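Here is a friendly briefing to read alongside the model. It starts with the overall fold, moves on to the pocket, and ends with a few residues to look up.

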Amino acid sequence: MGMSVTISAATEQDAEQIFRLQYLCFQSEAALYGNYRIDPLVQTLDSVRAEVAGDCVFVARLGEEVVGSVRGSVTEDGSAAIGKLCVHPRLQGHGIGARLLRAAEAALTEQRGAKRFRLQTGHRSEGNLRLYRKVGYEAVGTSKGADGVPMVVLEKAAGAYATTA
């Protein structure tokens, strides 16, 4: 490849690339469920901009190109919701998703006082479930997304970094 992927906090200028990347990456999830109305595919650019401005958002870059992103926010009880983790399809399977998760978890803990992390993924999303388990998340329940997709809810305590990731 010649260049290495770097992880950094997202800036306002990244919002449009994040928006496009998210749309590309979540097509396979939509196909898996036969539902193209899942949240990442119907989110607006303005909504992505608002998340970049107010939430903890990290991007993975290959040169100037945003090739991955993740978002997180902390609630008053110290729980951090992590979501919309995505990595460009051509770069999946190289540890970028785990690196993005670690960056978000560290920032949410150190800067925003997170005590626990929570995320959810579709019940058929085996690759996602494998990654989340590998980095220390455990299934704690199920829910149904606003789009009707059955979700697996996973959690882990802040500071519980998996060494295998």
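The chain has 6 helices and 7 strands, where helices (H or I, at least four residues) and strands (E, at least two) are DSSP runs numbered from the N terminus. This is a predicted model, in which local features need pLDDT of at least 70 and side-chain atom pairs count only at pLDDT 80 or more, while totals for chains, interfaces and linings use all residues. Residues are numbered from 1 along each chain as its sequence is written, and side-chain values use heavy atoms, with hydrogens and water left out.

**Overall fold**

- Read along the sequence, the elements follow the pattern β-α-α-α-α-β-β-β-α-β-α-β-β.
- The radius of gyration of the chain is 15 Å, close to the 15 Å that the globule rule gives for 165 residues, so the chain is as compact as a globular protein of that length. This radius is taken over C-alpha atoms, and the globule rule is 2.2 Å times the number of residues to the power 0.38.
- The C-alpha trace spans about 40 × 40 × 30 Å along its principal axes.
- Of the 165 residues of the chain, 44% count as buried; buried means under 20% relative accessible area, exposed over 50%, and partly exposed in between (1.4 Å probe, protein chains only).
- Among contacts (heavy atoms within 4.5 Å) between residues at least 6 apart in sequence, 64% join residues at least 24 apart.
- The accessible surface of the chain comes to about 8,600 Å², and 50% of it belongs to carbon and sulfur atoms. Accessible areas come from the Shrake-Rupley method with a 1.4 Å probe, and for residues only the protein chains shown count as cover.

**The largest pocket**

- About 1,200 Å³ of space lies in the largest pocket.
- The lining has 47 residues, and the closest to the pocket centre are Phe26, Leu85, Thr121, Asn128 and Tyr132.
- The elements that give two or more residues to this lining include helix H2 (27-33), helix H5 (96-112), helix H6 (126-134), strand S3 (65-74) and strand S5 (116-122).
- The largest share of the lining, 7 residues, comes from S4.
- By residue class, the lining divides into 21 nonpolar, 16 polar and 10 charged. Ala, Val, Leu, Ile, Met, Phe, Trp, Tyr, Cys and Pro count as nonpolar, Asp, Glu, Lys and Arg as charged, and the others, Gly among them, as polar.
- For the method, a 1 Å grid is laid over the protein atoms alone, and a pocket is an open set of points with protein on both sides within 12 Å along at least five of seven lines, whereas a cavity is a set where a 1.4 Å probe fits but cannot get out; lining residues have an atom within 4 Å of a point. Grid points are joined across faces, edges and corners, and a volume is the space filled by probe spheres set on the points.

**Residues in strand S4**

- Ser79 is found in strand S4 and counts as partly exposed, at 22% relative accessibility.
- Leaving aside neighbours within four places in sequence, Ser79 is in contact with Ser73, Val74 and Arg116.
- The C-alpha atoms of Ser79 and Gly54, 25 residues apart along the chain, are separated by 16 Å.
- Lys84 is also found in strand S4, where this residue is buried with a relative accessible area of 17%.
- Although Lys84 is not a glycine, the residue has a positive phi of about 55°.

**Buried residues elsewhere**

- Gly97 lies in helix H5 and is buried, with a relative accessible area of 10%.
- Beyond neighbours within four places in sequence, Gly97 is in contact with Leu85, Val87 and Leu131. The C-alpha atoms of Gly97 and Leu85 are separated by 7.0 Å, with the two residues 12 apart along the chain.
- Leu62 has its place in strand S2 (residues 56-62) and is buried at 12% relative accessible area. Leu62 and Met3 are 59 residues apart along the chain, and their C-alpha atoms are separated by 6.6 Å.
- Leu91 sits in the loop between S4 and H5 and is buried, with a relative accessible area of 4%. From Leu91 to Ala114, 23 residues apart along the chain, the C-alpha separation is 29 Å.
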